[in-house]
Amino acid sequence: MSKTRAPTLTIRQFSFVGAAVLAATLAHAPHLPLAISAFILAMVAISWARYRRTDAALPGWVKLALIAAFLLILTAEYGNVIGREPGSALACAMLALKLLETRIRRDAFAAICFASFTLMSALLFDTSLGFALATFAGLALLLAALRELEPRPAASAIVPNLRSYWPPLRAGFAALGLAVPLALCGFLFVPRLDSPLWRTPGDAGGRTGISDTMSPGSVQSLLLDDSAAFRVGFDGPPPARAQLYWRGPVLTNYDGETWTRRESGFAEPDARAVNANGPSIGYEVTLEPTDKTWLFALDLPVDIPLEMQRGNDMSVIRRRPVTELFRYRVKSALSYRFDSVLPSDLRRAALALPDDFNPRSVAQGKTWRSELHDDQAIIDAALALFHASFFYTLSPPPLGRDSVDDFLFDTKRGFCEHYAGAFVVLMRAAGIPARVVTGYQGGYFHRAGNYLLVRQSDAHAWAEVWLTGRGWVRVDPTAAVSPQRIELGAQAVAFGERAWYQSDWLLTLRNQIDLVNRGWNNLIVQFNGRRQQNLLNPFGIDRIDPTTLVWLLIGTSSLLLAAATLWAMRTTRRRAAPLDAAYDALCRKLSRIVGPRGAGEGPRDYAARLRTAQTLSDRCAGEVQRLFGDYVGLRYARAFSTAQDIAEFARSVRRLSIETRT
Amino acid sequence: MSSTLTARKSTLLQMAERRLPALTRLKRTESLPILLHRRRIYVVPSRFGLIYSFMLLVMLIGALNYANNPGLLLTCLLGAAAYQSVFAGFRTLNRVELRSIRTQPCHAGDNLRLSLLFASAAAAPKRSLRLRMENAANANAETTPIVFDLPGDDSQAVETTLPAPRRGWLPIGRVRVWTEYPYGLFHVWSWLHPDQRALVYPRLETNAPALPQNGGEAQAQTARRNGDEFGLLREYRAGDPCRLIAWKASARQDHLLVKEFESQHSREIMLDWHRLDGLDDEARISRLAAWIERAETLQTPYLLQLPQIRLGPALGPAHRHACLRELALMPGHAT
């Protein structure tokens, strides 16, 4: 038996498949290196251009060469092919190569199948609402491509214009819309895994956020980044803006250029180290993925969850890096006293300055110490210095080797990290233990959503000094220069240095829109196993175990499918075609005489039965036979009877009066 | 004992006929029109559907493993859209009606051309329906199916062919109608078995000898003379009346020419079963059929003499059909 050759795809079908593949690979473009993205996009473009010209099969050596070339690029970029990032790059490349050899329907199916997977895996790198919506639009494209792969009659040619590409896409969106209820069932009730089945190495990527080092210019890009860092829901009213210091890594070590964390900083602090004055405030933080282990809490965290640790510098860390949206609950004391007694090693570390760096600053500190004697007076002198002649800007002039000297005595302009770093150097030179604290300051309080949105641009650095009898005290030298920085935020202060898309009204608008993002994060991204178990709490069911979840899944989806089945099987009662209606009327009239027409009884048979029954009067019988003849003629002799003929037939049927033989 | 079994079996069959008509209708022919409805439409996942399900499962496990809820939502959306396509597929085939079948008789050995008139009782147009004639004679099962669309509330003639290996009645046989619309994930199909048959004319003898000239009857000769249409000139033969001699034309020749008048009856030929001695029945049928076709092309009236019937003399499609039909239905062929 000879199998007929499968027909090759039309260029229209190929374009749809190509677009689906393009969507799936583009979804990965943001996190792939430029060389790999370029390789993949070039593959897709070449496939399409080639298919326009020929649908001949691609020679095998070309495929092998392309695969080899790609593996070379991949190892050059990543060094290996294992892990989430190289794996996704490999998947994209394979998909693009599949498109290159796609010729028949089966290839196209394989490509779309794999494109679905690739599209899904892109969500592992970005879970934001906008990106998710973009991938859902990609799904509609996939469905449109599948629909387009269905064979068409040879005769029906589609007008090849751009508009003809829209109907299948629209159908794809409609199908997705209809799929929402069933999809939500699945989403709500598919039991979540307690622990991952596997983990790929190198899952941590380079995300923006506060780092645990600080050198001149390191937070500069952060201050211009409008993406969300975390969101906070307070149990009570939010604290005043000036109190919103979100403590991150505490930097004690300084090598003249870079501030780093102290190695021994994670010893469990002495329980007596912190004395909270006044009530503590409870809140819940939803942290965007940082790929780092440290978390952020209001100065000063007093009560943290068990799975988290608090260092002796009061920074909070977690054992695993935060690779996905992470939610935690903390209590903080806004008024506190901590480390009333400073351990000697800590004192040493908080006073250390590198030799041969910043001689003028060190001299200044020593001068203050000899002139002023009092710690508080020295601090005030430093702040007064900043206040007098310094200027806050997000684009400071470059600094030389002795960066603090250059900043303090020459350029005199900079932003938080300059002020914090310089202040700590001055304090240490004056013999006051001091360190840099990084984190965020402020945030936008969303009234409608009753939560605080903290953006990357709220990144901040301030100083802590240790004073006898008072412990560590927060000093924000930036506030001395630019009080608005604390009151309004970094961007509001740096007005005029922002791009057009960071203008005030747009920022306000984006702050408002952030409510949607928060909803998305809350309802979808954060829907973990624990919340799934508590899903039916409002109905008085405490915890749902996985078996019940499966039953719920089966039950709800069965209900939905049953509804869909009813819809599919519904038969709308429609008006019969005029000819059928007239014929039915005729048969109804006659059914009184010889009984109804049988289900399988044709017009001729029925007419014959009428003839043999001989119950009708001669005139009427003749008329009836003529009508049946007309009907047969109208129904079967012509493919399309004219409306006029049918109307005439219907009139005759109406006029017919049944006369029986007397 | 056996009687109760038989009774039970017949009860079962009746029930099956009532509940699952499609199963029994596979064997039984039905009269047109045939309406497809939910009791005779079947659905299975296609091979691609199975592969796609596997891919969805992989996506699901991947999303769960990384606790990636947006990915899970995307997988659920895609899965729900894919599985719900079964309803669209069912609705495509549901309420499709085979109204009538028109056939054009052909000769044995040719392909019978059929026109199946499908109608849709639904308002929405139906797309990508496919059909294949599953007649037992149709050996080549791998032939590409015929694809057709159905406009909403309207009918559509679908042209197809059926190999006709032998003369006589050819049952249309089973028609498989299916669709994988919209995404190729589900195979939705049904069987149609219309009780229609098509007439297949006998095979034409290849290189049949020329038409039997000179039917030889005296009456035909006289009839020819009585004709009044001018036909052609022929050589004078002894006995031709003088008034028929074409004097002007003869003057240019060295012999006499006679005008021959033609009438409907004048040149009719006799195709006689009994004169074809020495041939077996099938060969006779083939030759007579070939002669009929030739006579039709030459527009020569002919008379068909068969053992049981005598047709004609006449000319034209109706006569041709009557003659070929008689030949096609001659007994003797194992049909």
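This is a predicted model: local features need pLDDT of at least 70, side-chain atom pairs count only at pLDDT 80 or more; totals for chains, interfaces and linings use all residues.
Colleague: Start with chain B. How many helices and strands does chain B have?

Modeller: Chain B has eight helices and 17 strands.

Colleague: And what share of chain B is buried?

Modeller: Buried residues are 33% of the 335 residues in chain B.

Colleague: What about contacts in chain B between residues 24 or more positions apart?

Modeller: Take the contacts in chain B with a separation of 6 or more. Of those, 72% are between residues 24 or more positions apart.

Colleague: Now the open sheet in chain B. What is the strand order?

Modeller: The order is 4-12-9, so three strands by the sheet definition. The pairing is mixed.

Colleague: Which strands are at the edges?

Modeller: Strand 4 (106-107) and strand 9 (168-171) of chain B are the edge strands. Each pairs on one side only.

Colleague: How do strand 4 and strand 12 of chain B run, parallel or antiparallel?

Modeller: Strand 4 and strand 12 of chain B run parallel. Two bridges join them, and strand 12 covers residues 197-201. C106(B) has V200(B) in strand 12 of chain B as its bridge partner.

Colleague: Which helix packs on that sheet?

Modeller: Helix 8 of chain B, residues 317-328. Helix 8 touches strand 9 and strand 12 of chain B. Its direction makes about 95° with that of strand 12 of chain B.

Colleague: Where does strand 3 of chain B pair?

Modeller: Strand 3 (residues 96-104) of chain B is joined to strand 1 (residues 34-35) of chain B by two bridges, running antiparallel. I34(B) has L98(B) as its bridge partner there. Strand 3 of chain B also pairs with strand 5 (residues 111-120) of chain B, in the antiparallel sense, over eight bridges. In that pairing, I101(B) stands opposite L116(B).

Colleague: Switching to the interface. How many residues of chain A are in contact with chain B?

Modeller: 53 residues of chain A are in contact with 48 residues of chain B.

Colleague: Which helices of chain A supply at least two residues to that side?

Modeller: Helix 5 (105-122), helix 6 (129-149), helix 7 (166-189), helix 17 (504-525) and helix 19 (546-569) of chain A each do.

Colleague: What is the class make-up on the chain A side?

Modeller: The side of chain A that touches chain B has 36 nonpolar, 11 polar and six charged residues.

Colleague: On to helix packing in chain A. At what angle do helix 22 and helix 23 cross?

Modeller: Roughly 155°, with the axes coming within 11 Å. Helix 22 is residues 618-637 and helix 23 is residues 643-655 of chain A. An angle over 145 degrees counts as roughly antiparallel, so helix 22 and helix 23 of chain A are roughly antiparallel to each other. The crossing is left-handed.

Colleague: Which residues make the contact?

Modeller: Helix 22 of chain A uses L627(A), D630(A), Y631(A) and L634(A). Helix 23 of chain A uses D645(A), I646(A), F649(A), S652(A) and V653(A). By class, that contact has six nonpolar, one polar and two charged residues.

Colleague: And how does helix 20 of chain A meet helix 22 of chain A?

Modeller: The axes of helix 20 (residues 578-594) and helix 22 of chain A come within 11 Å and cross at roughly 155°. That makes helix 20 of chain A roughly antiparallel to helix 22 of chain A. The crossing is left-handed.

Colleague: Which residues meet there?

Modeller: L579(A), Y583(A), L586(A) and L590(A) from helix 20 of chain A. From helix 22 of chain A come V624(A), L627(A), Y631(A), L634(A) and R635(A). The classes are eight nonpolar, no polar and one charged.

Colleague: What is phi for D356(A)?

Modeller: Phi is positive, about 65°, although D356(A) is not a glycine. Most residues other than glycine have a negative phi. D356(A) sits in the loop between helix 9 (344-349) and helix 10 (359-372) of chain A.

Colleague: Is D356(A) buried or exposed?

Modeller: D356(A) counts as exposed, because it has 8 C-beta neighbours inside 10 Å.

Colleague: And R95(B), buried or exposed?

Modeller: R95(B) counts as buried, because it has 20 C-beta neighbours inside 10 Å. Its phi is also positive, near 65°. R95(B) lies in the loop between helix 4 (69-93) and strand 3 of chain B.

Terms used:
Residues are numbered from 1 along each chain as its sequence is written. Chains are lettered from A and ligands numbered from 1 in the order in which they are written. Helices (H or I, at least four residues) and strands (E, at least two) are DSSP runs, numbered from the N terminus. Two residues are in contact if their C-beta atoms, placed from the backbone, lie within 7 Å. Axes are lines fitted to C-alpha atoms, for helices over the stretch in contact, and angles run from 0 to 180 degrees between N-to-C directions. Ala, Val, Leu, Ile, Met, Phe, Trp, Tyr, Cys and Pro count as nonpolar, Asp, Glu, Lys and Arg as charged, and the others, Gly among them, as polar. Angles under 35 degrees count as roughly parallel, over 145 as roughly antiparallel, 65 to 115 as roughly perpendicular and the rest as oblique. A crossing is left-handed if the near helix is turned anticlockwise from the far one by less than a right angle, and right-handed if clockwise. A residue is buried if 20 or more other C-beta atoms lie within 10 Å of its own, exposed if 12 or fewer, and partly exposed in between; C-beta atoms are placed from the backbone.
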